[in-house]
Amino acid sequence: MKPIDDLKPVASYVRKFWKPFSLGTLTLAFTNLFDVLTPFALMKAIDAIANRDMTALTRAVGLYLLFMAGAVSFRHQWRVHFGRFHHSVAEDLRNRLFQKYTSLGPRFFEKNPTGELMSLMINDVNTFRMGVGPGLLILMDGILLIAFIVPFMISISWEWTWKSLVLIPLIPFVIRFMEDRIGRVSRKNQNDLAALSGYTQELVTGIRVVKGFSQEENRQQRHREFSQVYADSSNLLARYDAFFEPALQIGVAAGSVILLAWGSKDVLSGAVTLGTFVAFHEYIKRMIWPMAALGSGFSMLSQARSSYDRMANVFQTNPEVQGEGSRTISKIDSIEVKNLSYTYPDSQLPALSGLNFTLKAGQRLGIIGPVGSGKSTLVHLLTRIREVPRGTVFVNGPTATDIRDLDVQAWRMLLAVTPQEAFLFSQTIENNLLFGRDHREADLPHDDALAVADAVRIRQEVERLPLAFRAWLGEKGVNLSGGQRQRMTMARSLAQIAEGHPATRAQLVILDDSLSAVDTKTERELLDYLKTDDTKSPVTMIVISHRVPAVRDCDLIMVLNNGEIEFLGRHDDALKNSETYKNLCALQSESTDPRNTEGAST
Ligand SMILES: Nc1ncnc2c1ncn2[C@@H]1O[C@H](COP(=O)(O)OP(=O)(O)O)[C@@H](O)[C@H]1O
Ligand SMILES: [Mg+2]
């Protein structure tokens, strides 16, 4: 009825977990066989009663018990095996999705709302599981039962069989008709749910903003609308679903009536025994479930398929950074940027155009420029969070290696980056600080955490907390102040240059506007601390800031404006030659006074 292709994911999972699947199918077949045999024993028993034959009756009752016992114990078995099958499928899908999520870059997450990605992981995985588990199971159950029952019926009477089952061949057409509609409604239903959870997720993350703007009522109203849409499509789905069983039952119930009309006169005439008549009626009743099962099974499979389609979209997304390079370097001597331009994939205007500069080991590059001038974009490209164009960034001078040829992960290990957004994990402070280390290690070196906390002037604040370094941070570090969060993320990246870092020690520190929420005094202390690393060699660093004091002492100051380098050189020259720099200095003249601590939001 449907192209075989559509069932490919189901088939591949059956192959992958063939063991529990075949055990489940086998035990299911035995269950059905015993189930179909019981009316046969019933027939023998009734006929024995009619003939007043006690030995035959005892034998028939014995058989009946045996068949029942067989059916019961095999039924338990197939439930166990099938459970193992479909839960393994769900586990596998979840892992595949998570692996895919972690392999994809920011571009993917900008396009797909968090709520939808969560819904995929939870709802769609579950819908698929229900399809390949219970759905496929009842489908096979139905087919097997029909295959077992019909021969028994025919063996009793061919005429009764075709007369009572005459409406059955209509059923596949009904199913096909319903299935198409259910698939469509189900897809809409899943999308509505994803939208609803996305909206809820946004409330959870943005609750402070919502309250700050007194938008609770509006948000609730909008949520009710999302909720209503989802409820409506769920209702529609339920209504379609509800059609199945009654429609099928009508067909089979009609069979019973036909049997009573035709069959009873054969019994009265003595052509067949009463036991046979009762057994036949049992078989007709037993046809109800398989017919309904066919319907529901197909519908569950079709819902599973639409869920799989949504997951397949994700599976087929390629990471923006493909990581085709495999070279590794152990030391950064220089970074050369040649004519680097970059335009975001969905954007018209370039975010960066024609950047040229060289940064040597031990040098400090300060980047300053207005909001939106491309500072963070440059960081994303250098760290290859976004894919940098080939032939624009080279490491280690004359032998110049394109960073595109480097192994991405090995390259990032050489960088200690503090991103602009201070994101922390719901973990202990200590584990957050040492995030770059192997988190599966039970004992993280406590002293290292202390050292970096010292470095970013946060140790005393941490020690004032009830559990100090073992204190648990709320989601995204919500129980910290903005400035604390910022210093915490800075400490986390500085741990990468600390002595004793187990893997490669980072060689280039990048601070992307990491000091915006600390006061000028702390800023100065931090930058002074960062002049040399533990081994007293100068730290190579890129400091990004929109504040002059953070960059004025740098070996090289880059003034970015509109994605272009307006000026590259030292402070004194910048004051003379860069309009933007001059203006920034004038605007911030008060905050360049070291005694001034304005600008702190801690
Ligand atoms: N994910 C994105 N997609 C499209 N455009 C972006 C994205 N991120 C930033 N931009 C644009 O690129 C320009 C530079 O942004 P950014 O590098 O973040 O500036 P800065 O860090 O200097 O404030 C801005 O015009 C911004 O609108
Ligand atoms: Mg920025």
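Begin with the open sheet, where 6 strands follow the order 6-7-8-3-9-10 with mixed pairing. Strands and helices here are DSSP runs, numbered from the N terminus: E over at least two residues for strands, H or I over at least four for helices. Two strands count as paired if DSSP finds at least two bridges between them. The edges are strand 6 (415-418) and strand 10 (564-569), each of which pairs on one side only. On average, neighbouring strands of this sheet are turned by 15° against each other, direction ignored.

A word on the ground rules: this is a predicted model, in which local features need pLDDT of at least 70 and side-chain atom pairs count only at pLDDT 80 or more, while totals for chains, interfaces and linings use all residues. Residues are numbered from 1 along each chain as its sequence is written, with chains lettered from A and ligands numbered from 1 in the order in which they are written.

**Along the sheet**

Select strand 6 together with strand 7 (residues 508-512): the two run parallel and are joined by 4 bridges. Ala416 has Val509 in strand 7 as its bridge partner. Contact means that the C-beta atoms of two residues, placed from the backbone, lie within 7 Å. Axes are lines fitted to C-alpha atoms, for helices over the stretch in contact, and angles run from 0 to 180 degrees between N-to-C directions.

Next, show strand 3 and strand 9, a parallel pair with 4 bridges. Here Ile368 is bridged to Val559 in strand 9. Which way does strand 10 run against strand 9? The two are antiparallel, with 5 bridges between them, and Ile557 stands opposite Gly569 in strand 10. Their hairpin has 2 residues between the strands, and Asn562 takes a positive phi near 55° there. Bring in helix 19 (residues 579-587), lying across strand 3 (364-368), strand 9 (556-561) and strand 10 and running at about 100° to strand 9.

**The ligand**

Select ligand 1 and its shell, taking residues whose C-beta atom, placed from the backbone, lies within 6 Å. Among the residues around ligand 1 are Glu110, Tyr344, Gly372, Lys375 and Thr377. Helix 10 (residues 375-382) gives the largest share of this shell, 3 residues. The shell has 3 nonpolar, 7 polar and 2 charged residues, where Ala, Val, Leu, Ile, Met, Phe, Trp, Tyr, Cys and Pro count as nonpolar, Asp, Glu, Lys and Arg as charged, and the others, Gly among them, as polar.

**Helix pairs**

Colour helix 2 (residues 18-50) and helix 5 (residues 114-156), which pack at about 35° with axes 9 Å apart. Show side chains at the contact: Leu33, Val36 and Phe40 in helix 2 are among those meeting a set in helix 5 that includes Leu144, Phe148 and Phe152. The contact residues comprise 11 nonpolar, 2 polar and 1 charged.

Last, pick helix 3 (residues 54-103) and helix 9 (residues 274-315), also packed at an angle of about 35°, with axes 10 Å apart. Leu93, Arg96, Leu97 and Lys100 in helix 3 meet Met311, Val314 and Phe315 in helix 9. This contact divides into 5 nonpolar, no polar and 2 charged residues.
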